[in-house]
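This report looks at confidence, at one helix packing and at aromatic pairing. Please read it alongside the model shown here.

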Amino acid sequence: MTAVTAAPPRPAAPARFSPGRVKRIARLGWRRGQLELLQFFRGTETVVFSLLFPVFALIIFSSMFGGEIAPGVSYSDYLVPGVIATGLMVTGFQTLAISIAIERDRGGLKRIAATPMPRSAYFIGKVIMVLVTSIVETAVLVAVSVLFYGTHLPRDGGAWWTFTWVSVLGVTACALCGIALSSLPRNSRSAPAVVAPFAFVLQFISGAALVFTDLPPWLQHVASIFPLKWMCQGLRSVFLPDSFAAHEAAHSWQLGWVAAALVGWVVAGLVLCLLTFRWTKSRTGG
């Protein structure tokens, strides 16, 4: 009678969130982030458009419009928070949506998905790139505003805290929406034409370039759906005097609503990413 040999036990699968795995993902994500930053700063057009476009917008609009829009508040004072918010949106939303669409169309995402690198490391790299470029861009804008337009820095610790959480929540919401929207263009050639109009229209209806309360009420309601309006309003509470709150649409800064709207867009952007993100282009893509 032949003895039946029991099969050796299978080795246990590594825990999905084991310390070793998390450490490996973090290390690969950091390296991916370094690569993303290197690619970003090597692209002259991308650097000029993403980092210097808000500065150009500040200079052009300030030279076109002048005078006070409220006691003690000039148009350039009003413009600075909106330009900072626009810069965060361009970096987190527009640049990210276009770059990912181009990578997908050229097969870069497909090759990344086929490598042993955890897919989460790719997104960590994108987050690092967005955070670093957002900090650099905001620092440049604030420096230009202080040096040439007499902008006052946040007046106390509470204002700095508001500046931080509005910026972080805003750029996170924009980045997630950018990742989600990157699946909409059919190919790399159409990506700028599909993505740029969203950002362009939002700049003019969200109080970034024009005084928000001067817009028709129906446009104000449309703008209130999107995060840029709330980013601008939150940053105005940081850079403008408290007396200006009476000139807002709701006659207050509404920081609670700012936080709720931005958190809502972070959640909505994450859900949209999970539902729409693709590693390969569609078969109908031209």
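## Confidence

The mean pLDDT of this predicted protein model (the predictor's confidence in each residue, from 0 to 100) is 87, with 92% of residues reaching 70 or more. Among the elements, helix H2 (residues 44-64) has the lowest mean pLDDT, 79, whereas H9 has the highest, 96; helices here are DSSP runs of H or I of at least four residues, numbered from the N terminus. Over residues 10-14 the pLDDT falls below 50, and this stretch has zero contacts (heavy atoms within 4.5 Å) beyond near neighbours in sequence.

Because the model is predicted, local features need pLDDT of at least 70 and side-chain atom pairs count only at pLDDT 80 or more, while totals for chains, interfaces and linings use all residues. Residues are numbered from 1 along each chain as its sequence is written, and side-chain values use heavy atoms, leaving out hydrogens and water.

## Packing of H6 and H9

Helix H6 (residues 157-181) packs with helix H9 (residues 227-239) at an angle of about 160°, their axes lying 9 Å apart. The two helices are therefore roughly antiparallel, a term for angles over 145 degrees. Residues of H6 including Phe163 and Val171 meet a set in H9 that includes Met231 and Leu235. The contact residues divide into nine nonpolar, five polar and no charged, where Ala, Val, Leu, Ile, Met, Phe, Trp, Tyr, Cys and Pro count as nonpolar, Asp, Glu, Lys and Arg as charged, and the others, Gly among them, as polar.

## Aromatic pairs

The structure holds 13 aromatic pairs, meaning rings of Phe, Tyr and Trp (its six-membered ring) with centres within 6.5 Å. One of them, Phe123 with Trp279, is edge-to-face (planes over 60 degrees apart), at 5.7 Å centre to centre and 70° between the planes. Phe123 lies in helix H5 (residues 119-149) and Trp279 in the segment after helix H10 (255-276), so the pair ties together parts 156 residues apart in sequence.

Methods: Axes are lines fitted to C-alpha atoms, for helices over the stretch in contact, and angles run from 0 to 180 degrees between N-to-C directions. Angles under 35 degrees count as roughly parallel, over 145 as roughly antiparallel, 65 to 115 as roughly perpendicular and the rest as oblique. Rings of Phe, Tyr and Trp (its six-membered ring) pair if their centres lie within 6.5 Å; planes under 30 degrees apart count as stacked, over 60 as edge-to-face and the rest as tilted.
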